[in-house]
Amino acid sequence: MLRWLRCLHRPRLVIWRSGSSYVARMRYLVKLKGDDEACSAALRAGRLFLYHKLRPLLMRAEGGRHRPLDMKTTDVEALLEKLGQQKERVRESVLVGCTETWVPQFCLDVGTLEKCAVERLCGGEFVDLRKAFFLLRGHDVPHMARGRALLHWHQTHGFCSASGEPTVKNQAGSQRVCQGSGHTYYPQMAPVLIVLVSDGSRCLLGRQAAFPRDMYSALAGFCDMGETMEETLRREVAEEVGLEVETFQFASTQHWPYPQSSFMLACHATVNPQRCQVSVDKVELEDARWFTLEEIQEALRRASAPQAPGGGPPVFWLPPSFTIAHQLVQEWVRQQTAGV
């Protein structure tokens, strides 16, 4: 029977006092989301991250890394006018957060402008977010992913599903309203279960045809309507690799901006080592197989995608270190090597 096990790590008790900086910033953001006038004032004093057809604008930093390029609102207005656009377009931006020093942060997609012209004037480069994941420092990734997810949601929710009439966003971009039907729409994430399966001494990884070449990851699938987390986990493992989960333990969560915007629920699961023959559903996966601890440890030591040595067999690799799939693998290795 499937049963709850204790989590991998003891939860840390974090107490937020009413006068703390965190609480104050969260209440400030809530005010901006609900007050168009206050949000407009914040936009004047804030910083903007530009995207071009959902690709964030980055600039090179020290050490071969990149960083997001944030701009003053007045500089973005000047840029728009220089390229023949109305400066009022900055009001199309959406709120993504604020810094610890209370600087409001917004993002704006300028996909109607010539990409090369914007890059030349700003001194940066628009980079596909999947590629940017490998270029940015870990703490910058969630911010850029959140911006892309919000912009994409607004671009795909311009009309009311009830009346077919246009919807209008508030200044912060925290909602869209149809004046005709009165319906209010809020940005949403789809729950996705991602699980690392183990038979006690090996872990199971799979790959989809759309993955980068030779990259393997933990299994994942969307929650069906009405399912619990454990029901999704059991079903996905059964569907994709033909195995029956015996136990599982919850690990952590992460936002992921693809394919729309996903809320990743990460778990570890075990199967009976006597019944671990993999049967891959070729519609879902291109391949799935068991990996030994030594193979996983070798993959973790690689800093980037490997090159197959001199025509030899391909060498597999893992998702980037900031991803929740990578973190699951790291946790599994720690479990396997505890006390060794």
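User: Is Asp36 buried, partly exposed or exposed?

Analyst: The model is a predicted one. Asp36 is found in helix 2, and its relative accessibility is 39%. Buried would need a value under 20%, and exposed a value over 50%. Because 39% falls in between, Asp36 counts as partly exposed.

User: Which residues does Asp36 contact, leaving aside its neighbours within four places in sequence?

Analyst: Contact here means heavy atoms within 4.5 Å. For Gln171 there is a polar pair as well: its backbone nitrogen lies 3.2 Å from a polar atom of the Asp36 side chain. Leaving aside neighbours within four places in sequence, the residues in contact with Asp36 are Asn170 and Gln171.

User: How far apart in space are Asp36 and Glu295?

Analyst: In sequence, 259 residues separate Asp36 and Glu295. The distance in space is taken from C-alpha to C-alpha, and for Asp36 and Glu295 it is 54 Å.

User: At what angle do the axes of helix 1 and helix 2 cross, and what is that arrangement called?

Analyst: Two packed helices are described by the angle between their axes and the distance between the axes. For helix 1 (residues 21-34) and helix 2 (residues 36-45), the axes come within 5 Å and cross at roughly 110°. Angles from 65 to 115 degrees count as roughly perpendicular. Therefore helix 1 and helix 2, at roughly 110°, are roughly perpendicular.

User: Which residues of helix 2 meet helix 1, and how many residues of each class does the contact have?

Analyst: From helix 1 come Tyr28, Lys31, Leu32 and Gly34. They meet Asp36, Ala38, Cys39 and Ala42 of helix 2. By class, the contact has five nonpolar, one polar and two charged residues.

User: What is the strand order of the open sheet of three strands, and which are its edge strands?

Analyst: The pairing in this sheet is antiparallel. Strand 9 (residues 176-178) pairs with strand 10 over two bridges, and Arg176 stands opposite Tyr185 in strand 10. The order is 8-9-10. An edge strand pairs on one side only, and here the edge strands are strand 8 (167-169) and strand 10 (184-185).

User: In which sense does strand 15 pair with strand 11, and in which sense with strand 14?

Analyst: Strands of a sheet pair through backbone hydrogen bonds, either parallel or antiparallel. With strand 11 (residues 190-198) there are nine bridges, and Pro191 stands opposite Phe263 in strand 15. With strand 14 (residues 245-256) there are 10 bridges, and Thr247 stands opposite Thr270 in strand 15. Strand 15 pairs with strand 11 in the parallel sense and with strand 14 in the antiparallel sense.

User: How many of the 10 residues of strand 15 are buried?

Analyst: A residue counts as buried under 20% relative accessible area. Strand 15 (residues 262-271) is mostly covered, and its number of buried residues is eight.

User: Where is the cis peptide bond to Pro259, and what is its omega?

Analyst: Most residues other than glycine have a negative phi, and most peptide bonds are trans. Pro259 is found in the loop between strand 14 and strand 15, which form a hairpin with five residues between them. The cis bond runs from Tyr258 to Pro259, with omega near -10°.

User: Lys53 and Asp214 have a positive phi. Which of them is buried and which is exposed?

Analyst: Lys53 has a phi near 50° and sits in the loop between strand 1 and strand 2. Asp214 has a phi of about 70° and sits in the loop between strand 12 (202-207) and strand 13 (219-222). The relative accessible area of Lys53 is 55%, and that of Asp214 is 19%. Lys53 is therefore exposed, and the buried residue is Asp214.

User: Which residues of helix 4 are buried?

Analyst: Helix 4 covers residues 115-122 and is followed by Gly123, whose phi is positive, near 75°. What covers its buried residues includes strand 1 (47-52), strand 2 (55-60) and helix 3 (73-82). The buried residues of helix 4 are Ala117, Val118, Glu119 and Cys122.

Key:
Residues numbered from 1 in each chain as written. Predicted model: local features only at pLDDT ≥ 70, side-chain atom pairs only at ≥ 80, totals over all residues. Heavy atoms only, no water. Pairing = 2+ DSSP bridges. Helix = DSSP H or I, 4+ residues; strand = E, 2+ residues; numbered from the N terminus. Axes fitted to C-alpha atoms, helices over the stretch in contact; angles between N-to-C directions. Parallel < 35°, antiparallel > 145°, perpendicular 65-115°, else oblique. Nonpolar A, V, L, I, M, F, W, Y, C, P; charged D, E, K, R; others polar. Buried < 20%, exposed > 50% of the residue type's maximum accessible area, 1.4 Å probe, protein only. Polar contact = N/O pair within 3.5 Å; in protein donor to acceptor, adjacent residues only side chain to side chain.
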